[in-house]
Amino acid sequence: MAKRNKKSAKKQPVKNISPKGATKKVVAKEHDGKMLSYILLGIIALLVLFIRSHYFDLPFERDEGDYSYLGQLVLDGKTPYLDFYEQKPPGLFYTYAFIMAICGSTVKGLHIGFALINLGSIVFMFLLVRDWLDDWVAGIAAAAGVGILSMTPHLMGFAVQSEHLLAFGTIAGLWGMVRGFKTGHWAWFVFAGVELAWTSMIKQNGVFFVALGGLLVIGHFYFKNKKFDKEFWRGVGAYSLGVAGTLLFVALLMMIQGAFSEFMFWIYEYPKEAYISSIPADVSRNLFNTTLNNALDGYSFWWLLGLIGMIGIWFTKLPNIVKLSGVLFFILGFLSIVPGYRFYGHYWLHFVPAIAFCVGLFFYTAKHFLKERLNPNMLNYGLLGVLVVGVLYNVSQQSDWYFNDDKETYLRTIYGGNPFPEMKEVGDFLNQKKQDGDQLVVLGSEPQLHIYTGMRSPSKHNYMAFLVSPHPKHKEWQQELIKDVETTRPRFVVYVNHGISWATYPNTDASIFNWFGTYQQENLRLIGVADKLPDGRVNYVWDNAVNTYQPQGTSYVGVFEHK
């Protein structure tokens with residue numbers, strides 16, 4: 001009997017003794033959202049690609065034409081700063097050449113190439129924010145932000161501008177850095193250093209993003225360990241290796257090609273003497289205010305979310321370096337548009353990633369404050385609903401821009417009276433007349449004509465604004481161009497009588513204008529005119545009809561052929 005009582009004392013399973021009708025509280029588990037995030041990312045990418053496809057035939061403005069033509073010259077085997085020049089680092093020419101080698105040297109090919117660059121920015125922005133915050137909703141919001149903001153019309157979002165390349169390189173480099181933080185592998189820091197350093201070899205403004213990467217690496221390891229230990233120096237050293245290795249590679253490339261001194265002159269000496277601070281303060285202020293207003297027009301929702309996110313993230317429990325990243329990105333992104341104090345719309349394209357990044361911070365902050373009150377999955381879907389509404393509202397408000405087939409109206413609205421539509425018509429006209437081996441000189445800063453026609457210039461001077469700049473060498477450059485034209489006698493000469501195309505500074509030498517007045521009378525035959533009338537219309541007069549035509553406008557494009 002005692003044994004039976006002992007056995008009965010063994011531990012028995014506890015029965016449910018909850019009162020009848022009572023229910024257990026179940027805490028919903030948040031879905032990882034991996035598949036849904038990829039689907040949404042794909043939708044964003046397709047939407048942006050669809051909108052951009054309406055601009056695949058958009059004619060170039062002068063910067064697009066210049067960089068594209070110089071990329072073509074690299075493919076021809078020409079050496080930067082010896083056979084042609086620009087006040088930009090050589091990474092610009094080689095990157096354009098790479099895109100043209102893959103997508104072609106046509107207007108459409110370049111637009112497709114840059115559309116792919118924009119899609120890359122969207123993908124890397126998603127990965128950057130998702131991995132940095134461990135939040136896929138924030139990543140999707142940031143991806144949508146960079147996709148939408150990079151299409152801002154008055155920021156020249158549909159152009160094949162170099163600033164899109166800076167944006168891509170910055171986002172990809174920062175993502176590589178975050179991967180280094182997460183995995184501890186030093187190779188990711190080298191990758192980040194290479195990517196961010198390459199942005200500074202596309203455009204000097206990229207140095208601000210190199211600084212951003214350095215500050216984040218230093219801050220991450222210092223906040224993590226509170227000391228300068230082995231891990232700190234390994235991360236900082238790997239990043240520094242990537243940066244220094246990239247810059248050394250470019251310098252050695254220039255040395256091997258015998259162009260190092262010219263390289264240093266064009267990327268440092270010339271901008272210092274003739275570009276930076278050469279614009280009046282009142283003009284600079286007007287440019288800033290006008291561009292800011294245009295950037296916000298139809299896009300203020302995204303800018304507002306970004307500003308709130310940059311501030312709101314400080315009230316979360318994230319590590320200090322994560323909170324600091326938004327502020328640093330915003331400040332250095334803004335500083336990247338300041339050099340030269342020109343504030344042109346396309347400069348703001350490499351500020352856009354900072355705003356989009358902070359949009360991601362906003363969505364993370366919103367989740368932080370609402371997560372205790374709402375089901376986590378319903379919260380995610382609610383925030384995604386807000387994002388969808390924001391995207392659809394932007395598309396509806398900007399539909400006249402996004403789905404516009406009238407490219408001339410677009411060019412006139414964005415670029416004012418610049419002769420960009422005229423240059424496309426001139427290019428079509430020349431394509432009917434040219435033969436293999438024909439050469440072309442454009443007197444005016446409209447090198448896009450070389451892309452339209454495929455004809456090369458016999459001179460290294462392809463952007464006339466340099467020849468009438470305040471730099472002491474501008475007289476020498478004028479004489480070099482005059483000699484090139486007189487010696488090679490290119491079949492076609494196009495003269496652009498437009499103030500902005502030349503951008504002549506006060507007190508610069510006028511020899512080139514005086515020379516052309518005499519030279520064209522003695523050596524050239526007028527075969528076409530694109531005449532901008534006072535009412536804004538353009539008269540296109542070709543071939544024999546020009547013999548009796550007198551230009552009526554103050555701006556016109558004259559097409560000449562050597563006799």
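**Ground rules.** I am reading a predicted model, where local features need pLDDT of at least 70, side-chain atom pairs count only at pLDDT 80 or more, and totals for chains, interfaces and linings use all residues. Residues are numbered from 1 along each chain as its sequence is written, and side-chain values use heavy atoms, with hydrogens and water left out.

**Entry 1: α8 and α10.** Axes are lines fitted to C-alpha atoms over the stretch in contact, and angles run from 0 to 180 degrees between N-to-C directions. The crossing of α8 and α10 is right-handed. Right-handed means the near helix is turned clockwise from the far one by less than a right angle, and left-handed means anticlockwise. Contact means heavy atoms within 4.5 Å. From α8, the contact residues include W186, F189 and W198, and from α10 they include R234, Y239 and V250. By class, I find 14 nonpolar, five polar and one charged residues there. Ala, Val, Leu, Ile, Met, Phe, Trp, Tyr, Cys and Pro count as nonpolar, Asp, Glu, Lys and Arg as charged, and the others, Gly among them, as polar.

**Entry 2: α7 and α9.** How do the axes of α7 and α9 cross? They come within 11 Å and cross at roughly 15°, so α7 is roughly parallel to α9. This crossing is right-handed. L166, T170, L174, M177 and F181 of α7 meet residues of α9 including F209, H220 and F221. The contact of α7 with α9 has nine nonpolar, three polar and no charged residues.

**Entry 3: α14 and α15.** Helix α14 (residues 320-335) packs on helix α15 (residues 352-370) at about 160°, with axes 8 Å apart. That angle makes α14 roughly antiparallel to α15. Here the crossing is left-handed. S325, G326, F329 and F330 are the α14 side of the contact, and P353 and L361 are among the α15 residues. I count eight nonpolar, two polar and no charged residues.

**Entry 4: the largest pocket.** A pocket is an open set of points on a 1 Å grid where a 1.4 Å probe fits, with protein on both sides within 12 Å along at least five of seven lines; lining residues have an atom within 4 Å of a point. The largest pocket holds about 970 Å³. R62, D63, Y344, H346 and Y463 are closest to its centre. α12 gives the most to the lining, five residues.

Key: Helices (H or I, at least four residues) and strands (E, at least two) are DSSP runs, numbered from the N terminus. Grid points are joined across faces, edges and corners, and a volume is the space filled by probe spheres set on the points. Angles under 35 degrees count as roughly parallel, over 145 as roughly antiparallel, 65 to 115 as roughly perpendicular and the rest as oblique.
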